[in-house]
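Open your viewer and follow along.

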Amino acid sequence: NVLIGGATRWGKSNFLEGLAFSVINSGHQLYLADPQSSTFSPVWNGVATAPVACSTTEFLALLDALQMEMQERSSLFNAVRKPNGLPVQKLEEYNLYAREALPRIFLLVDEANSYFDSSQVIHPLADIARGGLKFGVHTILAAHNWRAKDVPRSLSAHFATRISFHVDDSTSARVVLDSD
């Protein structure tokens, strides 16, 4: 999971687009959310696994779909055994022992903090960030303005990788980098 901060015009959107193209070219599944439809406009609907979520309602539906995918993968993992008879625990093991491999899933969210106004978003997003990695679900959140009140610790604690492009204030840098 990756938390990204970057001021307007410093490359954050180009980075996200490059990451999205890399995900597609690697054969992984791509889920996108952008409340401003600027980095990920509906043009991306043709290559993404689901339509781009542009509203909070659409984002909640996207998160629900990802949670259902994680539940399905959990059932699939329980049905596949390692040579020692124990069930597989992570995607790499599943793909090694299952008949058919599962693709990685990437959720890329631009201007992520715009969705945090809704308390309904934080809990499912934190659940996906916390439990998704073992199922091959990677969450990348990006925004130009981060504040501690925007990113509750219950969510930010699940983002060990942090990237900070140029930011406009030290508060955003501190929140993104999790360090003074």
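**Start with the whole chain**

From the N terminus on, the elements run β-α-β-α-α-β-α-β-α-β-α. That makes six helices and five strands. Helices (H or I, at least four residues) and strands (E, at least two) are DSSP runs, numbered from the N terminus. This is a predicted model: local features need pLDDT of at least 70, side-chain atom pairs count only at pLDDT 80 or more, and totals for chains, interfaces and linings use all residues. Residues are numbered from 1 along each chain as its sequence is written, and side-chain values use heavy atoms, leaving out hydrogens and water.

**Go inside**

Of the 180 residues, 44% count as buried (under 20% relative accessible area; exposed is over 50%, partly exposed in between; 1.4 Å probe, protein chains only). Next, select Phe 59, Leu 107, Phe 116, Leu 125, Leu 141 and Leu 155. These have the most contacts inside the largest nonpolar core, which has 35 residues. Such a core is a set of buried Ala, Val, Leu, Ile, Met, Phe, Trp, Tyr and Cys residues joined through side-chain atoms within 4.5 Å. Strand 2 (29-33) and helix 2 (56-79) are among the elements that each supply at least two residues of this core. Apart from it lies another core, of 15 residues, including Leu 30 and Val 52.

**Stop at Phe 77**

Select Phe 77 in helix 2. Is Phe 77 buried or exposed? Phe 77 counts as buried because its relative accessibility is 3%. Now show its contacts (heavy atoms within 4.5 Å). Not counting residues up to four places away in sequence, Phe 77 touches Val 88, Tyr 94 and Phe 135, among others. The C-alpha atoms of Phe 77 and Val 88 are 5.7 Å apart, though eleven residues separate them along the chain.
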